[in-house]
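Welcome! Please have a look at the sequence and the 3D view before reading on, and keep both open as you go.

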Amino acid sequence: MKKRVIYLALISAMVISCKQNKLKTNEISSENTLENVISSEIPELPETNTIKNIDDEIQVYTINIGNDPNKSHLIASFPITPYDFVNQTERKFTEGLINEFKSELKKYQTQDNNSNLDFNQHFDVKFHNEDFLVFLYTQNVSYGNNYDNRNIASIFDLKNQKKLTAKDLLKEPENFESFISEIRDLAREAIRNFVKNDTSYANDQERKQVLESVEETLVEGTLPTDKNYDALFFDEEGNWHIIFDKYQIASGYMGEFLVKIPKDIIQKYINERFLHLFENKDTVEQAIINNMSTSNSEVDCSKVPCVALTFDDGPSVYTSQLLDILKEENVKATFFVLGKSASVQKNTIKRMIEEGHNIGNHSYDHKDFRKISDQEAIRQIQLTDQIIEKITGEKPKYFRFPYGARNKANLAMVERPVIMWNIDPLDWKYRDADKVASEMSKASPQGIILAHDIHKSTVEAIPKAIKQLKAKGYHIVTLDDLFRHKKMKNGVEYSNGK
């Protein structure tokens with residue numbers, strides 16, 4: 001309770017400070033011209049959560065540059081926590097990816113490339129208690145075709161306010177070389193298993209040659225450097241893993257390697273502080289809720305003018321504030337959420353359902369579906385379904401593609417109605433609340449409005465947009481209400497309710 005009071009005090013102080021200094025957060029220019037993106041300054045990101053109500057202690061802050069699937073774009077999320085030193089550290093980490101994107105864009109656009117850059121960063125919360133906090137980031141970088149992945153863990157000692165390296169986790173830091181020797185053996189065994197099970201090799205002699213050829217890469221990729229071990233982490237169940245990225249320890253076609261570290265090695269090398277975390281650990285995980293709250297709306301959109309308000313890319317640090325606004329205005333909306341962000345802000349998802357909103361599937365981590373394999377696309381859909389169902393008790397019945405980017409094969413695999421839109425206020429581009437509200441108010445009867453609850457200016461636009469839409473006689477409804485009298489088909493696109 002004391003910790004929560006301190007947290008709320010910090011939030012209040014931050015809100016006042018932001019107002020006094022007139023800070024504009026999340027305001028990177030989203031025009032994808034070379035001049036605008038390269039010259040844009042990285043915004044002053046928040047040090048603490050600046051929303052009024054706290055539904056989740058850890059929340060998602062998202063930066064995006066561009067939302068046009070046919071132009072270069074970036075979407076990068078990082079956590080906002082009650083710990084300012086954590087927020088500042090993760091902010092700087094994310095700035096590194098933004099600067100890399102801008103630098104690559106400058107080179108890319110001066111080379112007359114026909115394809116576009118797509119940079120993507122999301123995170124998982126692997127462990128959280130009063131002493132330690134562990135995040136695992138995944139960065140996906142595409143130069144026009146497939147994605148290359150990077151994995152980076154952030155382990156924080158909250159009491160000592162320090163970000164830990166792999167060496168900091170050991171009983172005796174001088175034993176790092178011995179620890180690495182055992183990890184190298186595990187990595188070597190993982191490569192052997194891959195080669196053994198790969199049926200593309202003609203015989204065992206060819207397999208032996210492959211293993212010999214990657215040995216130098218294996219040794220180089222497991223040398224005692226911070227970078228080689230920046231994806232070492234532990235999770236809530238007491239499991240320890242290390243991820244070796246594609247090309248790090250083997251040929252690129254083998255992909256990345258997730259190596260689980262056996263308990264005997266952990267007990268041999270890891271500091272007692274971390275081992276004690278998992279004594280008598282109850283690993284039974286309960287679902288957040290099992291009862292879905294459905295809308296009791298009596299609006300008949302076949303007889304009265306309606307518009308559906310939809311929000312993409314959340315939940316985010318601003319979603320609780322948006323839910324407050326919608327509740328005050330007695331308006332229901334539809335949220336197309338990312339699985340990875342939903343897994344962080346579970347209570348926010350729970351609140352959406354309890355307050356009568358719809359939840360749609362917007363993929364796991366916002367990749368362009370045209371650039372990923374069918375297997376990965378299906379994984380993106382199913383994993384997000386599983387996360388939402390575990391929280392709410394029900395799978396999302398609608399799907400929306402990241403960036404709206406899709407092909408015929410993508411449509412077929414969704415197995416539910418695909419929701420598009422016919423009003424786009426370009427809130428990702430124009431971070432002006434009045435302009436966004438004005439564009440939203442141009443909706444036609446039975447229209448679907450696209451918006452993004454990752455932008456502070458969009459949330460600020462909603463009260464005015466609701467007022468203007470209601471003044472025109474519109475009922476603002478969920479997709480369930482909009483399509484209640486229409487038989488929808490799986491794999492078919494709907495941009496309005498007519």
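Predicted model: local features only at pLDDT ≥ 70, side-chain atom pairs only at ≥ 80, totals over all residues.

**A cis peptide bond**

- Start at the bond joining Gly 314 to Pro 315, which is cis, with omega near 0°.
- To find Pro 315, look in the loop that runs between strand E10 (306-312) and helix H8 (319-329).

- Tyr 247 is not a glycine, yet its phi is positive, at about 80°.
- You will find Tyr 247 in the loop between strand E8 (240-244) and strand E9 (257-260).
- Is Tyr 247 buried or exposed? Its relative accessible area is 51%, and the cut-off for exposed is over 50%, so Tyr 247 counts as exposed.
- Asn 330 is another residue other than glycine with a positive phi, in this case near 55°.
- The loop that holds Asn 330 lies between H8 and strand E11 (334-337).
- Asn 330 has a relative accessibility of 62%, and therefore counts as exposed.

**Helix H14**

- Helix H14 covers residues 456-471, which makes 16 residues.
- From its first C-alpha to its last, H14 reaches 24 Å, close to the 22 Å expected at 1.5 Å a residue.
- Where does H14 bend? The bend, of about 35°, is at Ile 462, and the proline Pro 463 follows within four residues.
- Several residues of H14 are buried, among them Ser 457, Ala 461, Ala 465 and Leu 469. Val 459, Ile 462 and Ile 466 are also on the list of buried residues.
- Here is a general idea to keep in mind while you look at that list: an α-helix has 3.6 residues a turn, so residues three or four places apart point the same way.
- Which elements cover the buried residues of H14? They include E10, H8 and helix H13 (433-440), along with the strands E14 (447-452) and E15 (475-477).
- After H14 comes Gly 473, and its phi is positive, near 90°.

**A buried aspartate**

- Asp 385 sits in helix H11, which spans residues 374-392.
- The relative accessible area of Asp 385 is 4%. Buried means under 20%, so Asp 385 belongs in the buried class.
- What does Asp 385 touch, leaving aside residues up to four places away in sequence? Its contacts are Asn 361, Lys 395, Pro 396 and Arg 416.

Notes. Residues numbered from 1 in each chain as written. Heavy atoms only, no water. Helix = DSSP H or I, 4+ residues; strand = E, 2+ residues; numbered from the N terminus. Buried < 20%, exposed > 50% of the residue type's maximum accessible area, 1.4 Å probe, protein only. Expected span 1.5 Å × (residues − 1). Bend = angle between axes of the 7 residues up to and from the residue. Contact = heavy atoms within 4.5 Å.
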